[in-house]
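Thanks for coming. I will go through one structure today, starting with its surface and ending with its strands.

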Amino acid sequence: MSDTAVAEAGLDADRERRGFTRATVVNVVGNAVKIVVEAAAGLAFGSVALLADAAHSVADLVASVVVLVWGRSVYDDPDETHPHGHQRVEPLAALFVGSVIVLLGLNLLYESALGLIEGPSVDFSPLLVGSLVFAMADMYLVYWYTVRVNTTVGSSALDALAIDCRNDIYTSIAALAGVIGVFFGYPVLDALAGGLVSLLVVYQGVEIGRENVSYLIGAAPSDEQCRAVADVLRSHSAVSGVHDLVVFYDGTDLEVEAHVEVDGELTLIEAHDIETDLVTSLRDLEDVGDVHLHLDPAGIGEWKDATEE
């Protein structure tokens, strides 16, 4: 890679790191403001639904802080202790987000059930509605900004935070339905809304965790992504065959390992140039990081047809 290309790559990484930091800071501030507004209204008027929604945002706030402090290390250069870089830190941070959300959701579900058993004690106030409308507007703005930044950053941790913001809007709508129920003389709807919010929170956390566990354990990508890698290798004019192709996640990046058959009479320089072309083409694919190719002389019987792999 030329010095110019290295410099451009460094600038891109720096821009992505700054964007990542800005988006996580916006998430931290947005969740903090939402917590203060909803908790104040919920405590003042005894609304379980608002307290549940505010408590959900406590988990969001913790998750945002963790992503801000921890997740940025994914942009650090490889070092002696992490020679392949820090790609796995990002899904690890996202997994933490999912775990915290699940635990809090289960606790909220318990509190909602307790409210149904003991009977709700909530007083209606227009401030309850106003705080929820504010919370929805707040989360929409944070969601919009996070998604906008992540179109260039491509972070799974930011994606998890964006999904969380979007789901916050849904949980606030559920809480609003409970508050409206109080207004019409059905205070039990407040506790029911709190229970629904809790279930949505648990589901959200499980989905975030499931996705990021696959990144951490080195799972295979989709069949479409695997075919795209194989097509790049087989489309090169100097390649006679491909075997022992393995594509798997290393953090959020894809790692590719393969044996590629070429003419056994090639000079070392010619073989090196072919390998460089293949590695460059693969790294141009979305999400592909490290590529490890082994060149074999064609005709020694190691190549397998795609239908036999």
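**Surface, fold and contacts**

The protein exposes about 15500 Å², and carbon and sulfur atoms supply 61% of that area. Accessible areas here come from the Shrake-Rupley method with a 1.4 Å probe, and for residues only the protein chains shown count as cover. This is a predicted model, where local features need pLDDT of at least 70 and side-chain atom pairs count only at pLDDT 80 or more, while totals for chains, interfaces and linings use all residues. Residues are numbered from 1 along each chain as its sequence is written, and side-chain values use heavy atoms, with hydrogens and water left out.

Of the 309 residues in the protein, 44% are buried. Buried means under 20% relative accessible area, exposed means over 50%, and partly exposed is in between, with a 1.4 Å probe and protein chains only.

The secondary structure comes to eight helices and three strands. Helices (H or I, at least four residues) and strands (E, at least two) are DSSP runs, numbered from the N terminus. Along the sequence the pattern reads α-α-α-α-α-α-α-β-β-α-β.

Now contacts, meaning heavy atoms within 4.5 Å. Taking those between residues at least 6 apart in sequence, 76% join residues at least 24 apart. Separately, R17 and V153 are 136 residues apart in sequence, and their C-alpha atoms are 7.9 Å apart in space. R17 lies in helix α1 and is partly exposed, because its relative accessible area is 27%.

**Helix α1 and the cysteines**

How many salt bridges are there? The count comes to one, where a salt bridge is a side-chain nitrogen of Lys or Arg within 4 Å of a carboxyl oxygen of Asp or Glu. E38 forms a salt bridge with K34, and the closest N and O atoms are 3.1 Å apart. Both residues lie in helix α1, residues 3-45, and are four residues apart, about one turn of the helix. Both E38 and K34 are buried.

For disulfides, the count is zero, with a disulfide taken as a pair of cysteine sulfur atoms within 2.5 Å. As for individual cysteines, C165 counts as buried because its relative accessibility is 2%. C226 has a relative accessible area of 22%, so C226 is partly exposed.

**A nonpolar patch**

α6 gives the most, with three residues. F183 lies in helix α5, and F183 counts as exposed because its relative accessible area is 51%.

**The strands**

Last, the strands. Two strands pair if DSSP finds at least two bridges between them. Strand β1, residues 241-250, pairs with β2 in the antiparallel sense over eight bridges. V247 has V256 in β2 as its bridge partner. β2 also pairs with strand β3, residues 288-297, in the parallel sense over eight bridges. There, E257 stands opposite H292 in β3.

Is strand β2, residues 253-262, mostly covered or mostly uncovered? β2 is mostly covered, with seven of its ten residues buried.
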